[in-house]
Amino acid sequence: MTTSAWQTPEWVKHAVFYQIFPERFANGDHSNDPANVQPWGTSPTLYNYMGGDLQGIIDQLDYLVDLGINALYLNPIFQATTSHKYNTFDYFKIDPHFGTLETFKTLLNEAHQRGIKVILDAVFNHCGRGFFAFHDLIENGVHSPYTNWFHVSRFPIHPYESRYPANYRTWWDFRELPKFNTDNPAVRKYLLDVARYWIELGIDGWRLDVPNEIDDHNFWREFRTIVKAINPEAYIVGEIWTDGSAWLQGDQFDAVMNYLFRDLCTDFFASYSMRAGDFAAGIDHLIVRYQPQVTYVQFNLLGSHDTARFLSVAEGAGKWALERMKLAVLFKLIFPGAPCIYYGDEIGLHGGKDPDCRRCFPWDQPQTWQTELQTWTKQWVKFRHEYTALRTGRYATLFADNDMNIFACARWDEQSQFVIVLNNNQTPWALDLPLHGQLPSVTQYRDVSTGELYSVAEGKIREVALAPWKHLVLQAV
């Protein structure tokens, strides 16, 4: 397929995603709680349950609409024996602690009525020990008809006895996560049937878990063919933490989770270990790394269920953590690609590395919310929705200074143009901001927050003043 012959889903360019870890977002139906459910807000461990479910998501859809969300990414919702559900044992069944198929259909319908797309998590590299084929392997060993569904090195296998080698391949040596043999046509058919089933049911795309560990690009080509034949606008986004170029040639994924973007933002804004010039160089490299149709649908995140919370990282790097996070949120929302908010980040939810980053959303404790951050997030999500320049317009870095730690960039199209200036520093600065001739010529810019006018002369915006940890968003007039 040639680079000009393929398109990515148009709706993703205009999406603001919200990632939900279902077990910790909201408990809307106490009748399906596990018997050992813990009080909502208990510190998360690898093993405890809080009772979050699909009804809880349905109940909070209007909250998400008010925030400006128009797309959801749900961590796994299929039947499994953990809170995270990445050890799936029935890919065709909603986990009963989350609800039923009818509950999910209601969620899908209610979301779609509100203009919200829904993508699900596809865990196709590995399954759980309760998966029917692996369970048969446990029971029957060498006599099982499913020995070739997995990568067995020898018998007997040891799925539970840690004092013995597992004798089968797993994900990162977790013996509770046996790895599929996707070279087996029967395994391939099963997984592709799963992909087909849920797309036909009406979901709007798939997030693919560790797809790089299925070392077979033809598998993902088959996956794309099946998904796109049913819904050409379905979004396929892979969990790739590094360069995703091998999967982004038009025959496999539409985008990847942009952890490279997250790393740059973490280093510059949160951990404060990178200066503006190095940040700009990284961002400029990121912009040209992929073809434009990919860049504009990249899944841009500041954190996820696999990383420490952005605000917690920022607080670990000293004072002004909230101000630095606000700058990061603003940058994410004006940058090309589909921004994603990890549930609770908009209210300043804290958390260290997994599993601490999977805390409960404190619906019953609004006094703990960072309402300033929530208002800020809502404000700039709305701003992004108002201007196509911020979604499909051109991008350019204008200025970056390591000593001042000031970064400036621009977004523009035929309808509007913006210059965004960020002072990621405790020192106030004033400067004439060079435009380098990259933008259509104008004589004035207006601060979108205060209405203050700035003149342009000799290719510079004159007398741009920035207080510590503050921003300017200037619109051409």
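This is a dialogue about reading the features of one predicted model.

Colleague: Good. How are the strands of a sheet paired in general?

Modeller: Strands of a sheet pair through backbone hydrogen bonds, and they do it either parallel or antiparallel. Here two strands pair if DSSP finds at least two bridges between them. Helices (H or I, at least four residues) and strands (E, at least two) are DSSP runs, numbered from the N terminus.

Colleague: Which strands form the closed barrel?

Modeller: Eight strands do, in the order E1-E2-E5-E8-E9-E10-E11-E12, with parallel pairing. Neighbouring strands of this sheet are turned by 25° against each other on average, direction ignored; axes are lines fitted to C-alpha atoms, for helices over the stretch in contact, and angles run from 0 to 180 degrees between N-to-C directions. Strand E1 (residues 17-20) pairs with strand E12 (residues 338-342) in the parallel sense over three bridges, and there Tyr 18 has Ile 341 of E12 as its bridge partner.

Colleague: And is strand E5 buried or exposed?

Modeller: Buried means under 20% relative accessible area, exposed over 50%, and partly exposed in between (1.4 Å probe, protein chains only). Five of the six residues of E5 (residues 117-122) are buried, so the strand is largely enclosed by the rest of the structure. Strand E2 (residues 71-74) is joined to E5 by four bridges in parallel, with Ala 71 partnered by Lys 117. E5 also pairs with strand E8 (residues 205-208), parallel again, over three bridges; Asp 121 stands opposite Arg 207 in E8. Helix H6 (residues 185-201) lies across E5 and E8, running at about 140° to E8.

Colleague: What is the strand order of the open sheet?

Modeller: The order is E13-E14-E15-E20-E17-E18-E19-E16, eight strands with antiparallel pairing. Strand E13 (394-401) and strand E16 (429-434) are the edges, each pairing on one side only. The twist averages 25° from one strand to the next. E13 and E14 pair over seven antiparallel bridges, with Tyr 395 opposite Arg 411 in E14. Their hairpin has four residues between the strands, and Asn 405 there takes a positive phi near 60°. Strand E17 (residues 444-447) is joined to strand E18 (residues 453-457) by three bridges, also antiparallel, and Arg 446 stands opposite Leu 453.

Colleague: Which strands does H12 lie across?

Modeller: Contact means heavy atoms within 4.5 Å. H12 lies across E13, strand E14 (406-412), strand E15 (417-423) and strand E20 (471-476), running at about 155° to E15.

Colleague: How do I read the crossing of H8 and H12?

Modeller: A crossing is left-handed if the near helix is turned anticlockwise from the far one by less than a right angle, and right-handed if clockwise. The axes of H8 (residues 259-270) and H12 come within 9 Å and cross at roughly 150°, and the crossing is right-handed. Among the contact residues are Phe 261 and Phe 269 of H8, and Leu 327 and Phe 331 of H12.

Colleague: Which residues touch the most other members of the largest nonpolar core?

Modeller: A nonpolar core is a set of buried Ala, Val, Leu, Ile, Met, Phe, Trp, Tyr and Cys residues joined through side-chain atoms within 4.5 Å. The largest one has 116 residues, and Tyr 18, Phe 124, Trp 206 and Phe 331 touch the most other members. Its largest share, ten residues, comes from helix H12 (residues 321-334). A second, separate core has 21 residues, including Ala 396 and Val 419.

Colleague: Finally, is Thr 295 buried or exposed?

Modeller: With a relative accessible area of 7%, Thr 295 is buried. Thr 295 belongs to helix H10 (residues 292-295). Leaving aside neighbours within four places in sequence, Thr 295 is in contact with Ile 287, Tyr 290, Pro 336 and Gly 337.

How values were computed: Residues are numbered from 1 along each chain as its sequence is written. This is a predicted model: local features need pLDDT of at least 70, side-chain atom pairs count only at pLDDT 80 or more; totals for chains, interfaces and linings use all residues. Side-chain values use heavy atoms; hydrogens and water are left out.
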